[in-house]
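Please keep the sequence and the 3D view at hand while reading.

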Amino acid sequence: MTDANEMPDPRPAPPRAAHRMNAGEWGLLLSLSGLFGLSYLFQKIGLSELPVFSVVLARVGLAAIPLVVILYAVGQRLPTAPGMWAGFMAIALLNNVVPFSLIIGGQQWISTGMTAILIGTTPMISVVLSHLLGDERLTAGRVAGVAVGLAGLVVLVGPEALGGFTLGFMGQLLTLGAALFYTLAAIYGRRFRDVPPLVLSTGQLVCASAIMLPVAAFTDRFWIYPVSGGVWAALLALAVFGTSLGYIIYFRLLARAGPTNLLLVTLLVPVGATVTGAVFLEEAVTPAALGGMALIFLGLAVIDGRPLAWARRLKRDRGLSRR
């Protein structure tokens, strides 16, 4: 592991086959999906009393504080090299400031379940961009997975798009824009693979807080809004669990499994987000949402390739048993 002050290596690694995750990496992925799934619920609760940029500021600001304390408590330090902070600023913009603003902005007009399902298209974008800009080869199976996932997106968004440029459609477009930025962040974040996850998570959120504080102050004047105890509790949970802890796991998984495998988390999140939205916010779950989610999950299976391999192995074993 390199010193935290060393510049991240900007050189892309040579093309390689996509990494097949082991049981431990799948455990991290499932944990991350649970944390991120609850984030959409907490953001929606925050929006009930605060404007968009104020919710974003609360998420990154309240998350940065405990990470700084933990970082120094365990004996690690933030870097001093300007180049490292320039990198942290870039990843903060790609991974926090822009996508959080787009997602929370979109949540004004669409449900938490719909938001999570649309973010679930991120791996479809990642498959293509990781091939063009990153170091993962584009295989026939992954192309098929993208096609199936895009079919799910058509099922999900199609009726809204045909209805004209509504606020709901605007919310969907903002959310899809966030999916694109998440993909760019995962690809760019590979250059930090030798930086400790806690250092990277803390540096990223400190930079995101520094960006969002003047933005929220200028646009929202966030101090004028009375915030109830319930909303404060939701914002703290969003910051600590959905952001602080979530990004420690995020960067650890990114370093171990690569950007495309990491972004499979966005295909697992919609189930939890849809259920919590329906239970706690009484959001309707439409047939289009269920159909789109099913197709996106099928895209996940095709992109990962493991279910197809299991099916081939089962067929082969059955053939051998009959001999």
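The sections below go from the overall fold to individual residues.

## Basis of the model

The model is predicted: local features require a pLDDT of at least 70, side-chain atom pairs count only at pLDDT 80 or more, and totals for chains, interfaces and linings use all residues. Residues are numbered from 1 along each chain as its sequence is written, and side-chain values use heavy atoms, with hydrogens and water left out.

## Overall architecture

The protein chain contains 13 helices and zero strands. Here helices (H or I, at least four residues) and strands (E, at least two) are DSSP runs, numbered from the N terminus. Read from the N terminus, the order of elements is α-α-α-α-α-α-α-α-α-α-α-α-α.

The chain has 323 residues, of which 50% count as buried. A residue is called buried under 20% relative accessible area, exposed over 50%, and partly exposed in between, with a 1.4 Å probe and protein chains only.

## An enclosed helix

Helix H4 spans residues 112-119, and eight of its eight residues are buried, so the helix is largely enclosed by the rest of the structure. The buried residues of H4 are Thr112, Gly113, Met114, Thr115, Ala116, Ile117, Leu118 and Ile119.

## Packing of H2 and H8

Helix H2 (residues 52-73) packs with helix H8 (residues 197-219) at an angle of about 145°, and their axes are 8 Å apart. Axes are lines fitted to C-alpha atoms, for helices over the stretch in contact, and angles run from 0 to 180 degrees between N-to-C directions. The crossing of H2 past H8 is left-handed. A crossing is left-handed if the near helix is turned anticlockwise from the far one by less than a right angle, and right-handed if clockwise.

## The salt bridge and its surroundings

The count comes to one salt bridge, defined as a side-chain nitrogen of Lys or Arg within 4 Å of a carboxyl oxygen of Asp or Glu. Arg256 forms this salt bridge with Glu25, and their closest N and O atoms are 3.7 Å apart. Arg256 belongs to helix H9 and Glu25 to helix H1 (residues 23-47), so the pair ties together parts that are 231 residues apart in sequence. Arg256 is partly exposed at 40% relative accessibility, whereas Glu25 is buried at 4%.

Ala257 is also found in helix H9. This residue is buried, with a relative accessibility of 1%. Ala257 and Glu25 are 232 residues apart in sequence, and their C-alpha atoms are 7.3 Å apart in space.

Arg190 lies in the loop between helix H7 (167-189) and H8 and is buried, with a relative accessible area of 11%. Arg190 and Ala255 are 65 residues apart in sequence and 6.7 Å apart in space, C-alpha to C-alpha. Ala186, within helix H7, is buried at 0% relative accessibility. Ala186 and Tyr250 are separated by 64 residues in sequence and by 9.5 Å between C-alpha atoms.

Thr166 is placed in the loop between helix H6 (140-162) and H7. Its relative accessible area of 28% makes Thr166 partly exposed.

## Surface patch and loop residues

Val271, Val275, Val279 and Phe280 make a nonpolar surface patch of about 390 Å². Patches consist of residues with over 30% relative accessible area and no salt bridge, with like charges joined within 9 Å and nonpolar side chains (Val, Leu, Ile, Met, Phe, Trp, Tyr) within 5 Å. Phe280 is part of helix H11 (residues 265-280) and is exposed at 59% relative accessibility.

Glu282 lies in the loop between H11 and helix H12 (287-304). Although not a glycine, Glu282 has a positive phi of about 55°, and at 72% relative accessibility it is exposed. Arg221, in the loop between H8 and helix H9 (229-257), likewise has a positive phi, near 50°. Arg221 is partly exposed, with a relative accessible area of 44%.

Key:
Accessible areas come from the Shrake-Rupley method with a 1.4 Å probe; for residues, only the protein chains shown count as cover.
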